[in-house]
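My notebook is open and the viewer is loaded. Here is what I looked up, entry by entry.

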Amino acid sequence: MEREEFLRLAARYKDTVYRVALNMLASPADADDVTQETLLRLLSRNKPFSGDDHAKRWLIRVTINLCKNELRSAWRKKREPMPEEVPAFDRGEQRELYSAVMSLPEKYRTAMYLFYYEDMSAREIGELTGAKESAVTTRLSRGRQMLKNILTEDK
Amino acid sequence: MEMDSYRQVFSQLHTTVDEGKLADVPKRRRGLRPWVIAAAAIILALGVSAAAVFGHSVQELEVREGPESNRVINGGGRWDPLAGKGFISLQGYADSPEKTAMEEWMRFIHTYDTDGEMLAAVGNGPTGPGEKYALYFAYTQEMADALDAIAEKYGLTLHSGFSEASTDRLSELFGDFAGENRGAGYTYDDGTFQFDGRYAFSDGEEVDYQFRRSMKGVLDAVGLNVGDTGLYEQWEYKTKCGVPVLLALGEYKSLVFADLEDCFIAVNVLSGLKTPGRLEELADSFDFSVL
């Protein structure tokens with residue numbers, strides 16, 4: 001890929017890549033690693049994209065695949081759990097919401113992020129994550145209910 | 001939950017990855033975080049350099065780009081994403097069959113399924129080739145066949161099953177090498193093992209590290225990103241157990257390597273150590289002679 005095109009796409013979508021990875025891995029450091037790897041793959045890609053939407057979907061798909069690889073790696077499964085890593089937020093309640101989201105199972109977090117932040121449909125999320133549309137809908141519903149319960153319990 | 005609140009939370013999260021630096025990196029430094037690259041560049045600019053003073057060096061462990069990969073990937077004149085400067089083998093020094101086989105496998109997987117389409121098709125379900133190959137994250141028959149071919153070419157065997165193991169268990173299995181070190185990890189049936197460990201220095205300070213023993217005669221595919229190997233201060237040190245090791249002290253990482261008769265040992269100190277004495281004390285805490 002040409003340098004200028006890479007820089008444009010990376011600047012536009014690197015935070016999307018990072019946030020998808022963060023939702024899947026729940027670790028800012030690991031999410032940064034996956035972001036870097038995803039962008040390197042973008043840089044080495046030979047085929048052109050049909051448009052920015054195509055590029056965005058490709059980046060999210062590569063990110064999800066890299067995260068899946070990471071999640072099922074023997075090394076990750078065997079390592080000791082790390083202390084909770086929480087980024088800095090403007091307000092305390094935002095930190096609470098972030099922690100609540102991160103306490104959900106991974107499949108709920110990722111579906112919710114793609115739906116509520118990236119405005120993707122259940123069908124599109126299913127295509128990217130390899131899940132059926134109905135399963136995505138269920139994850140969104142359950143995830144939202146679980147999040148509501150967690151936030152209610154905390155008050 | 002208000003969706004506006006959700007959006008406000010995630011809108012504040014930004015990656016630290018700098019695409020400008022990635023675009024300018026001439027060689028792929030896979031998995032190395034950007035701040036390490038930046039810091040390494042600064043140190044290099046300051047003229048800090050170090051070299052090994054005896055037979056072996058960290059540079060000998062570097063996973064090299066091969067002529068085949070240049071032809072296949074770099075035909076357009078762009079930098080080669082396979083070129084793993086700073087990515088080292090944990091299987092043995094240059095030209096050992098274990099390291100050479102690992103490099104060949106790395107070349108294969110970095111040119112295979114580059115957009116992840118086949119992996120996406122496999123999903124989280126069982127992989128076709130079976131458990132043995134899953135240990136190498138080989139998720140297609142083609143990958144399994146490539147592994148078998150590389151192993152046969154270099155006269156190596158593949159890992160089979162593995163199990164979790166604490167340092168106490170590893171010491172039971174392989175001898176009391178750990179001393180005061182404590183940790184947990186896993187071991188393959190062939191004797192290759194890895195654990196996350198912690199050591200308390202004599203003054204009470206503690207350090208976390210990763211310890212890996214790679215058996216000779218086995219195809220093992222685990223590597224480590226260490227950044228610019230030219231920035232490490234390296235020296236040979238004879239440990240208290242009498243085994244000579246290669247020590248490498250870097251700004252962000254410290255490393256211990258022991259090339260033993262049956263295996264190759266690599267210790268990766270995660271946060272680096274401040275002085276050579278600290279690294280030597282850590283090396284002395286292991287009894288490499290029993291492994």
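**Leu71(A).** I started with Leu71(A), which sits in helix 3 (residues 52-71) of chain A; helices here are DSSP runs of H or I with at least four residues, strands are runs of E with at least two, and both are numbered from the N terminus. At 27% relative accessibility, I logged Leu71(A) as partly exposed. On that scale buried means under 20% relative accessible area, exposed means over 50%, and partly exposed lies in between, with a 1.4 Å probe and protein chains only.

**Ground rules.** I am working with a predicted model, where local features need pLDDT of at least 70, side-chain atom pairs count only at pLDDT 80 or more, and totals for chains, interfaces and linings use all residues. Residues are numbered from 1 along each chain as its sequence is written, chains are lettered from A and ligands numbered from 1 in the order in which they are written, and side-chain values use heavy atoms, leaving out hydrogens and water.

**Chain A overall.** I counted eight helices and zero strands in chain A. Of its 155 residues, 54% are buried. For contacts (heavy atoms within 4.5 Å), I noted that 69% of those in chain A with a separation of 6 or more join residues 24 or more positions apart.

**Cysteines.** How many disulfides are there over all chains? I found zero, taking a disulfide as a pair of cysteine sulfur atoms within 2.5 Å. While there, I noted that Cys67(A) is buried at 0% relative accessible area, whereas Cys241(B) is partly exposed at 26%.

**Arg109(A).** This residue lies in helix 6 (residues 106-117) of chain A. Leaving aside residues up to four places away in sequence, I listed the contacts of Arg109(A), among them Asn23(A), Met24(A), Val101(A) and Tyr6(B).

**Ala283(B).** My last stop was Ala283(B), in helix 10 (residues 276-284) of chain B. Ala283(B) is buried, with a relative accessible area of 0%. Beyond residues up to four places away in sequence, Ala283(B) touches partners including Tyr237(B), Val256(B) and Phe288(B). I also read off 9.6 Å between the C-alpha atoms of Ala283(B) and Leu246(B), 37 residues apart along the chain.
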